[in-house]
Amino acid sequence: MKAYIITIIGATLLSAAAGILAPEKWRSYVQIIAGFVIISSIISPVTSIVKSDIFDGFDSVEQNIESSESLQADLVIEELKLRINEDIKSRMEKEFNLSVTAQCEICVNDEGEIEGVDSVYIYGDKLTDRAQSRICEVYGLEPYEVHNE
């Protein structure tokens, strides 16, 4: 920064000296050229910034954003699985008096959108046909997608 200020001051002093020493007939031309020299000395740091690769780091920022979006989607899917598992457990206990734990699989398409419950694995008491059909009804599953382990 110090060298930049010294350069501007030096260009200004040089321009002033050239304007004083120039003959009256050429003075206006010398002042125009001196003005261009001063402007170029002021603008020179800006051109060095433009030439430098100041946007190189943005590729990694974009990758971080993409990875954080996928991480966020994974967290949403895990939270959804947890809530569905808790819902199945409480629903089976309240409606059918069965003590079970559940583990569901979520179907996600290529764009990362959740399409629904893919399958459910039930552990604990043996499911009755009514309990299995209730799980199928609530989560839009076929009977072969509900596995009683």
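Modeller: Helices here are DSSP runs of H or I with at least four residues, numbered from the N terminus, and the model they are read from is a predicted one.

Biologist: Which helix holds both Arg83 and Glu79?

Modeller: The side chains of Arg83 and Glu79 meet in a salt bridge, with N and O 2.8 Å apart. The two residues are four apart, which is about one turn of the helix, and both of them lie in helix α3.

Biologist: Is Arg83 buried or exposed?

Modeller: The term exposed calls for a relative accessible area over 50%. Because Arg83 has a relative accessibility of 54%, this residue counts as exposed.

Biologist: Which residue forms a salt bridge with Glu95?

Modeller: Side chains of opposite charge can pair when their charged atoms come close. For Glu95 the closest N and O atoms of the bridge are 3.0 Å apart, and the partner is Arg134.

Biologist: What is the phi of Asn97 near?

Modeller: Most residues other than glycine have a negative phi. Asn97, placed in the loop between α3 and β1, is a residue other than glycine with a positive value, its phi being near 55°.

Note on methods
Residues are numbered from 1 along each chain as its sequence is written. This is a predicted model: local features need pLDDT of at least 70, side-chain atom pairs count only at pLDDT 80 or more; totals for chains, interfaces and linings use all residues. Side-chain values use heavy atoms; hydrogens and water are left out. A salt bridge is a side-chain nitrogen of Lys or Arg within 4 Å of a carboxyl oxygen of Asp or Glu. Buried means under 20% relative accessible area, exposed over 50%, partly exposed in between (1.4 Å probe, protein chains only).
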